[in-house]
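Student: I have a model open and some labels to question. Can we go through them together?

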Amino acid sequence: MADKKIGHITAINGNMIEVAFKDSVIQNEVGYVLIGNERLKSEVIKITNNTAYLQVYEITKGLKVGDKVEFTGELLSVTLGPGILSQVYDGLQNPLPALAEAHGFFLPRGVVLDPIDEKKKWHFTPTAKVGDTLYRGSPLGWVPEGIFQHKIMVPFDLNGEYTLVSVVKEGDYDLTETMGVIKDPKGEEIKLTMSFEWPVKIPITAYNKKMVPSEPMVTKVRIVDTFFPVCKGGTYCIPGPFGAGKTVLQQLTSRYADVDIVILAACGERAGEVVETLREFPELSDPKTGRSLMERTIIICNTSSMPVAAREASVYTATTLGEYYRQMGLDVLILADSTSRWAQAMRELSGRLEEIPGEEAFPAYLESRIAEFYERAGYVELPDGSHGSMTIGGTVSPAGGNFEEPVTQATLKVVGAFHGLSRARSDARKFPAIDPIDSWTKYKGIIPAEKVREAHNILRRGDEVHQMMMVVGEEGTSVDDFIYYLKGEYLDTVYLQQNGFDAVDAVSDPERQEFIFNKIHTILYTDFHFEAKPDARQFFNELRQLTLDWNYIQMGADEFVAQEKKIDAHIQAKTKA
């Protein structure tokens, strides 16, 4: 066995250490700080001559100059294999429930556990045959993991063509057993198990091509699916002030979105919100299966009380796990909450490295790092002709709700949809609090774009009248302008807002959205005749209540048809001849 590469600490600055070394060291290499019996994991982030700068993923209390650092020669990696689903990991893929069971709720630093149970048996069904030509990502077979067929694949770092020499028969095996043997063109044989490792900062590209996202990712949230849709393999961001509903909106999306796997990456959010997620998700029923939602969910848990360096690791760990399941032909949704905390960690580390700061002291490479993260999303064609997708949605927490700050602006440059949350709408209890005026999307949704544009024009016109009324009063506007205002308020109240506590209104499938929207669109472009503003207000108040009651009735029921007839009769009474 080769001698281990050892360095010595020469300076300590918070969670960053400077280490003098003699042998070769590579960027992003993992090192362990040796302090007593503890091994504190760290990563090389900068190299200058014979000095390496490492960010330590643990609390650095007790470290001193002269302490040893052991370099591993390996990049920061995660273990990929069956058993990842339903897990709760920290940013370094340590299983938190298992850590708590072994050490109590106050976790000691430097403790590492296997991310996947190596002794658990999985029922393997082979699909590849001896003599087949395999490539990276090619499946040998599959094992059942929840409701999915988890493909056992050729590791992604094996480039070129390989010939399958042998594969085990159908049966039960654990992660340490050899599942097959492949041979390269030189005749060298490689044994394959169910699991392998992959560096988190290197994208998985074992696919034929990445295509432009075109299929809508239905969330069953009307304002999203109709007005600001997101496509499978696309990207979007949810910026908003604290308390505006970012986390709740993400949880609703994770439950009802038309995807297979959901990965929640808590990259520095407050511990209270993360604890709420951990408590609620195992209790939530999955609309797809009727079983626990956690069975197709992975949570990467890194709160604001944990070391800041681990926030970056949690983002990349979540993305790598998402790419792994995308390689199986599944649709994956990554929800990062909140990327602002990750950016703050970058700012803190950049300051300790004494780098030249950019705007608001964020590092000059902030935009490129954020772009690299979102660029890992995509809709891909796999070697077997199937398709998989990974959609990334990130929340941003700008101080004071200022969308002009660097993190929000850097994010807006790379995402395909912008769901900006409004403090005013949140305070008015208009949920989801997505601002329909400021938000936008580049994707096609479930409703024809022209109709959506026409409805959006009504919203804008109504908002303009509302702003004018705040200055000159209601009496300073014409009846026609006042009708535009009432139409905009009607659309906002009955369609853009949803009651998350009502079993029917909380979940609006595409068929229902299309039917309801077409009816509302007709109303918006119907000419009404009113003698005075009080008549118009009374008419739209009654119409609004009729439509809200309609929202709470299951589509297809007799009551649904009867309520629609009441709406039609109410409209006909005021339409012009």
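Tutor: We take a sheet and then a pocket. This is a predicted model, so local features need pLDDT of at least 70, side-chain atom pairs count only at pLDDT 80 or more, and totals for chains, interfaces and linings use all residues. Residues are numbered from 1 along each chain as its sequence is written, and side-chain values use heavy atoms, without hydrogens and water.

Student: How do you know that β13 and β15 pair?

Tutor: Two strands (DSSP runs of E, at least two residues) pair if DSSP finds at least two bridges between them. β13 (residues 162-167) and β15 (residues 180-183) have four bridges, in the antiparallel sense. Therefore they count as paired. S166 stands opposite V181 in β15.

Student: Why do β10 and β16 stand at the edges?

Tutor: The open sheet runs β10-β13-β15-β16, with antiparallel pairing. β10 (133-134) and β16 (189-192) each have a single partner strand, so one side of each lacks a neighbour in the sheet.

Student: What makes a space a pocket?

Tutor: On a 1 Å grid over the protein atoms alone, a pocket is an open set of points with protein on both sides within 12 Å along at least five of seven lines. Lining residues have an atom within 4 Å of a point. The second largest pocket holds about 800 Å³, the space filled by probe spheres set on the points. Its lining has 30 residues; V248, L252, N499, G500 and F501 are the closest to the centre.

Student: Which helix gives the largest share of the lining of the second largest pocket?

Tutor: α3, with six residues.

Terms used. 1 Å grid on protein atoms, 1.4 Å probe; cavity = no way out; pocket = protein on both sides within 12 Å on 5 of 7 lines; lining within 4 Å.
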